[in-house]
Every structure is written in C-alpha cells, then in structure tokens.
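Trainee: I would like to take a close look at a single part of this structure. Could you please guide me through one residue and its surroundings?

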Amino acid sequence: MPDEVRRIAIIGAPGSGKSTLARSIGQRMGLPVYHMDHIHWKPGWVPRPGEEKLKLARDVLAREAWVFEGGFDAIQEERMARAQVMIWLDLPLRLRAWRVARRTLVWFGRVRPDLQEGCREGLNPEMLGFWRYIWRTRHLARDRIAASLDPLPPGLMLHHLRSPAEVRAFLARFPEG
C-alpha cells in the first residue's frame, strides 16, 4: 500500500472481519481507526438518532486520515468520494456466522473495542435482533454492497477480498508497525 494512502474504508457483512482488519491496518500504517458500530450505538445498546449518527460519521469523513469500517448507506457515496482505498470483505455466510458466534462467546459479558461502553456482548435482545438481521440480509447485503460500488469514483482503489487467505495476503502487503 502506498505511504500516501491516508483514508481507507472497509465494508462488508457482519462477521466478515471489518473491525479486526481495520485495527491491523491502523496499527501498521499509523492511522486512526473509526468503527461505525461506535457511532451507531450509544452506551447500553441505545441506537443513536439518525441525524446525530450522520453528523458523527461526516465528522470522521472530514478528517485527513482514517481507517473507517462498517456500513452506513447514508454516507456511502461521501465515504467513497473521500476514501483512497475501499476494501470489501465478501466472505461466506457460514464463516461469518461462525465468527459472530465465536466472538459472542469470547467477549461474553464484556465490551468489544469497536463498541461503546455498556454494550456488552451476550444473549440480549440486541444480539437476537442482530442474528435476525444477518439471516434476513444474507442474500441482499452482498447485492446492495455491489450496487453501491458501481460506479467507483475516479481514483478509488477497490480491493474485493473473498476469503480469509485473500485477507491475509492483502494484510501481508502492509509493513508490521
């Protein structure tokens, strides 16, 4: 990845590894990392109102440097216009579901780094709703992402990664920091 790259967006369905990849890239390139889930949720799994969420997301986009992961359709065009690199993690549903289940067990009762304080991982109404969302969007999410990337803004580099091996090979291109 060229050193002059300062704005990287990562998108993909739940469980695809967006947060993990964002943290790795941010650390290796010395870039600040922003998680859409941190913007979407207030402490205690309280959804942030749309206008407030939009303002916070646009505040991130206005910065000179970032790795910004997660989905938010309302800013997709703006994010693509500002990003220099877009990474689409497009992994199979079975793998993503396994990762979400494992993540829930590993972080059970604790707050993941990509979430607000008070958003504890566990079996709660929000998590059950999340599983319904994964199931309901299992076919549509991929099509929506593909449609949002057509056409790409001039100069935006797209990396469409479809397997853990492709993600590892892509990450290996970044120097360890």
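Mentor: Leaving aside residues up to four places away in sequence, W66 touches R6, R7, I8, A9, L31, P32, Y34, V60, L61, R79, R82 and A83, where contact means heavy atoms within 4.5 Å. This is a predicted model, in which local features need pLDDT of at least 70 and side-chain atom pairs count only at pLDDT 80 or more, while totals for chains, interfaces and linings use all residues. Residues are numbered from 1 along each chain as its sequence is written, and side-chain values use heavy atoms, with hydrogens and water left out.

W66 also belongs to the largest nonpolar core, which has 20 residues; W66, F68, I75, M86 and L149 touch the most other members. A nonpolar core is a set of buried Ala, Val, Leu, Ile, Met, Phe, Trp, Tyr and Cys residues joined through side-chain atoms within 4.5 Å, and buried means under 20% relative accessible area (1.4 Å probe, protein chains only). Two or more residues of this core come from each of β1 (7-12), α2 (36-40), α3 (50-62), β5 (66-69) and β6 (85-89). Helices (H or I, at least four residues) and strands (E, at least two) are DSSP runs, numbered from the N terminus. The largest share, four residues, is given by α3.

Strand β5 also takes part in an open sheet of five strands, in the order β2-β5-β1-β6-β7 with parallel pairing; two strands pair if DSSP finds at least two bridges between them. Three bridges join β2 to β5, and V33 has V67 of β5 as its bridge partner.

Terms used:
Buried means under 20% relative accessible area, exposed over 50%, partly exposed in between (1.4 Å probe, protein chains only).
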